[in-house]
Amino acid sequence: MSSVVESLKASIERIILNPANHDLLAIVKGARNGAVYGAKVRFPHALVMVFLFRSGTLRQKVNLVFKATRTHARNLAKFATIYKLTCYLLKNFGATPGKEGNYDTFIAGLIGGYFVFGGRSPRTGKISSVNQQIVIYVFARVVLALARLTVKPGHGLPLVSQQGPSAKISHYAWPVFAATSWAMVMHLFRYHPEDLQPSLRSSMNYIYRESNDWDGLRNFAWHNK
C-alpha cells in the first residue's frame, strides 16, 4: 500500500514540477492562495466586528462570521483564477504569442474586477459589503501609489517630479491628506452617515455617538447599554 502511495506521489510531483505545466498550475495555486489569504484576513476581522457591533444570538453571529469569511475567500480565489487565466491567454494567444503585452495585467484586472467585485446580489440587488470593503481597500492604496508616482523623479509629472518640489511635496502631502480625510469623514458622519460604508459607520457610532449617553457608572465605564 505504501509503495502505491509513494508511486502516486512521485507521479504527481513529476506533473507539478514539469516546466511545461507551470503556467497552468500557477492558476490553480493562485486560486488556492487567494482562498487561504481571504480566510486568514477576513475571519479575525469579521469575528471582532460581528461580536462587538452586531446584535443577535450566538448562532446568528457565528453564521455572519462564516458568511463573511467564505465570501472574502471565495472572491479572492475567483479573482486570482480569472486574472491569472486571462494573463495566460493574452500571453499565449494575444498579438505576440509567448510574450506578455504591456497592458495584459490591466486588462486581466479589469475583467476580474468587473465579474468578481463589480456585481450585485441577484437576490437583493445590493453590493456585497465584503466586496465594498475589498474594493475600497484596494482603491485607497492605488490612490496613494499614484500620488507617490506623480512626484517620483523621472516618472511623475514634469514640474512636481523635479528634485526640489518632489521632496517638499512628499514631506507635506501626508499630513495634509490625513487632516483632510478626517475632516471629510467626520463631516459626512455628522450630516450624511447613511452614505458611509456600514462597518465604518458602525464603529464611528460606537466611538462618537454612543459615548454621549450613560445613566450610571456601569454603562459609563464598562457597557454602553
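Reader: What makes Phe43, Leu47, Val48, Phe51, Leu52, Leu58 and Val62 a nonpolar patch?

Author: In this predicted model, these seven names form a nonpolar patch on the surface, and together they have about 640 Å² of accessible area. Membership requires over 30% relative accessible area, no salt bridge, and nonpolar side chains joined within 5 Å.

Reader: Which helix supplies the largest share of the nonpolar patch?

Author: Five residues of the patch come from H2, the largest share. H2 and H3 each contribute at least two residues. Val62 is found in helix H3.

Reader: Why is Val62 called partly exposed?

Author: The relative accessibility of Val62 is 43%. Partly exposed lies between the buried class, under 20%, and the exposed class, over 50%; therefore Val62 counts as partly exposed.

Reader: How do you know that the span of helix H2 agrees with its number of residues?

Author: Helix H2 covers residues 22–53, which is 32 residues. The expected span is 1.5 Å times one less than that number of residues, so H2 should span 46 Å. The C-alpha atoms at its ends are 45 Å apart, which agrees.

Reader: Where in H2 does a kink lie?

Author: A kink of about 25° lies at Arg42, shortly before the proline Pro44. Arg42 is also one of the buried residues of H2.

Reader: Which other residues of H2 are buried, and what covers the buried residues?

Author: Besides Arg42, the buried residues of H2 are Ile27, Gly30, Ala31, Gly34, Gly38, Ala46, Met49 and Val50. Their cover includes helix H3 (58–93), helix H5 (129–150) and helix H7 (198–209).

Reader: Why is Thr86 called buried?

Author: Thr86 lies in helix H3. Its relative accessibility is 12%, and buried means under 20%; Thr86 therefore counts as buried. Not counting residues up to four places away in sequence, Thr86 touches Ala108 and Ile111.

Reader: What makes Val185 buried?

Author: Val185 is found in helix H6 (residues 163–191). With the limit for buried at under 20%, a relative accessible area of 14% places Val185 in the buried class. Not counting residues up to four places away in sequence, Val185 touches Leu196, Leu200 and Met204.

Reader: What separates the C-alpha atoms of Val185 and Val138?

Author: The two residues are 47 residues apart along the chain, and their C-alpha atoms are separated by 18 Å.

Note on methods
Residues numbered from 1 in each chain as written. Predicted model: local features only at pLDDT ≥ 70, side-chain atom pairs only at ≥ 80, totals over all residues. Heavy atoms only, no water. Helix = DSSP H or I, 4+ residues; strand = E, 2+ residues; numbered from the N terminus. Bend = angle between axes of the 7 residues up to and from the residue. Buried < 20%, exposed > 50% of the residue type's maximum accessible area, 1.4 Å probe, protein only. Contact = heavy atoms within 4.5 Å. Patch = residues over 30% accessible without salt bridge, like charges linked within 9 Å, V, L, I, M, F, W, Y side chains within 5 Å. Areas by Shrake-Rupley, 256 points an atom, 1.4 Å probe, with all protein chains shown as cover. Salt bridge = Lys/Arg side-chain N within 4 Å of Asp/Glu carboxyl O.
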